Structures are given as C-alpha cells and as structure tokens.
Amino acid sequence: MSILLMIIGYLLGSIPFALIVGKVGYGVDIREHGSGNLGGTNTFRVLGVKAGLIVTIADILKGTLAASLPVLFSVDIHPLITGMCAVFGHTYPVFAQFRGGKAVATSGGVLLFYSPVLFMTMLAVFFLILYISKYVSLSSMLTGVYATAYAFVWTDDVPLRIVVILLTLFVFYRHRANIKRILNKTEPKVKWL
C-alpha cells in the first residue's frame, strides 16, 4: 500500500493543470509560450490572472492531497514521502512528456498539509520578497531558505528538516536559468505589485 500511495502521489503531481487550463480554456499550449514552463508563473504571464490563480491553487492542492493520502487511507508511510512524490510528478509529469513546472506551488501544498503555520508564514515571506524585488523566481528561492531556517529554528522535526532542505535545493536547481537572468538583470519582473 505504501508503494501504491507513492505512485498515486506521483500521478496526482503529474496532472498538468497549466496545460489543461491553457488548452481547454484558451486553446493555447502554454509550453509554446513564455518560458514554456508548466507552472503558475508562466500561466499568469501568458494567460492572465484568472488562469494563473486557477493553476497555482490547483498545483498547491495536488501537493496537499498527495501528502494527505497516508492519513486518508490509514497507511503507515510518512506524509512527506507521498508529498515529495507529487513534487517529482509536477516537475517530471508522465502526462506531459516529463516537462513540468518548477516545484514551488506543489511543494507549498505539501507543507500546507504537514505544517499549516509554516505554509502561512511562507506565503507572507514570499509576498514580502516579491513586493521588494518584483522577481517571482527570487521570492520562490528565498522562501525555500526561510522554510529551511524555520524547520531548524522553530521545530525539532527531523523529517521536515530533511524535506525542506531537499525541496529548497530542488527549487534552486529548477531556477538555475532564472538565477543567471537575475544576475544579468534580464529576469522579467512582475508589474502588478
């Protein structure tokens, strides 16, 4: 059952909401526009606020649902494991030729289930950094750094510490092109904040 839930977690994460919303709602394959990324940020840029919100919320909730599977089915596997499977699925989705998003929203969704207080403070940190910098990518990465600090300073939860370190490193890895653009001052800034 543990392996089955891990597979289900991966499949949940693999649901490409940006692709679905783009094709069904707008007749657009979002992979052919903007950054080509199947995530909320590219959806906001290409399709607008409504589509961006739908995709971001859906991507968060699939992480939350995946993390909740062990509790829902009373299976003795750590929720962060099935949650991590969803993050992997979101990034490398079987339903979209393994070209997915950058793991931010789905990672947040996993933490929403496991540590709601951490999730809420992460939201506050994300928007504070976004307000100051206007860079979504930088805000995402520094929010991961904050999550890691939170796990080590305010908790003694070893699995949480391990997972936030892994997620943060993964988010940095997925944003390596963004880091280059930030350094070159060519990274797009948000205009609505």
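In which helix is I81 found? The answer is helix α5. This is a predicted model, and the report below works through its helices, cores and contacts.

I81 is partly exposed, with a relative accessible area of 38%.

**Annotated spans**

An unreviewed UniProt entry places the feature "transmembrane region" at residues 6–26, 47–71, 77–98, 110–132 and 152–173. Two of these spans can be set against the model. Residues 47–71 are 96% helix and 0% strand. The end C-alpha atoms of that span are 36 Å apart. Residues 110–132 are also 96% helix and 0% strand, with end C-alpha atoms 26 Å apart.

| Pair | Separation in sequence | C-alpha distance |
|---|---|---|
| I60 and V110 | 50 residues | 7.5 Å |
| F17 and T56 | 39 residues | 8.6 Å |

I60 sits in helix α4, residues 49–72. Its relative accessible area is 16%. The cut-off for buried is under 20%, so I60 is buried. Leaving aside neighbours within four places in sequence, I60 is in contact with A105, G109, L112 and F119.

F17 belongs to helix α2, residues 17–26. At 25% relative accessibility, F17 counts as partly exposed. Not counting residues up to four places away in sequence, F17 touches V55, A58, D59 and K62.

The largest nonpolar core has 18 residues. Which of its residues touch the most other members? They are L111, L118, M122, Y146, L160 and V164. The elements that give two or more residues to this core are α5 (79–91), α6 (104–114), α7 (116–133), α8 (136–153) and α9 (158–174).

Beyond residues up to four places away in sequence, M122 touches L111, T143, Y146 and A147. A second, separate core has 10 residues, including A18, I30, L47 and A51.

**Helix α9 and its partners**

Two packed helices are described by the angle between their axes and the distance between the axes. The crossing of α8 past α9 is left-handed. On the α8 side, the residues in contact are S140, M141, G144, V145, A147, T148, A151 and F152. They meet L160, R161, V164, I165, T168, V171 and F172 in α9.

Helix α6 also packs on α9. The α6 and α9 axes come within 11 Å and cross at roughly 165 degrees. The two helices are therefore roughly antiparallel to each other. Here too, α6 passes α9 in a left-handed crossing. V104, S107, L111 and Y114 of α6 make the contact with L160, V164, L167 and V171 of α9.

**The buried side of α6**

Which residues of α6 are buried? They are T106, S107, G108, G109, V110 and L111. These buried residues pack against α4, α5, α7 and α9.

Most residues other than glycine have a negative phi. Two residues here depart from that pattern.

A103 is not a glycine, yet its phi is positive, at about 80 degrees. A103 lies in the loop between α5 and α6. Is A103 buried or exposed? At 1% relative accessibility, A103 counts as buried.

K134 is not a glycine either, and has a positive phi of about 70 degrees. Its place is in the loop between α7 and α8. K134 is partly exposed, with a relative accessible area of 21%.

Notes:
Residues are numbered from 1 along each chain as its sequence is written. This is a predicted model: local features need pLDDT of at least 70, side-chain atom pairs count only at pLDDT 80 or more; totals for chains, interfaces and linings use all residues. Side-chain values use heavy atoms; hydrogens and water are left out. UniProt positions are given in the numbering used here, feature names are shortened, and annotations may be inferred rather than shown by experiment. Helices (H or I, at least four residues) and strands (E, at least two) are DSSP runs, numbered from the N terminus. A nonpolar core is a set of buried Ala, Val, Leu, Ile, Met, Phe, Trp, Tyr and Cys residues joined through side-chain atoms within 4.5 Å. Buried means under 20% relative accessible area, exposed over 50%, partly exposed in between (1.4 Å probe, protein chains only). Contact means heavy atoms within 4.5 Å. A crossing is left-handed if the near helix is turned anticlockwise from the far one by less than a right angle, and right-handed if clockwise. Axes are lines fitted to C-alpha atoms, for helices over the stretch in contact, and angles run from 0 to 180 degrees between N-to-C directions. Angles under 35 degrees count as roughly parallel, over 145 as roughly antiparallel, 65 to 115 as roughly perpendicular and the rest as oblique.
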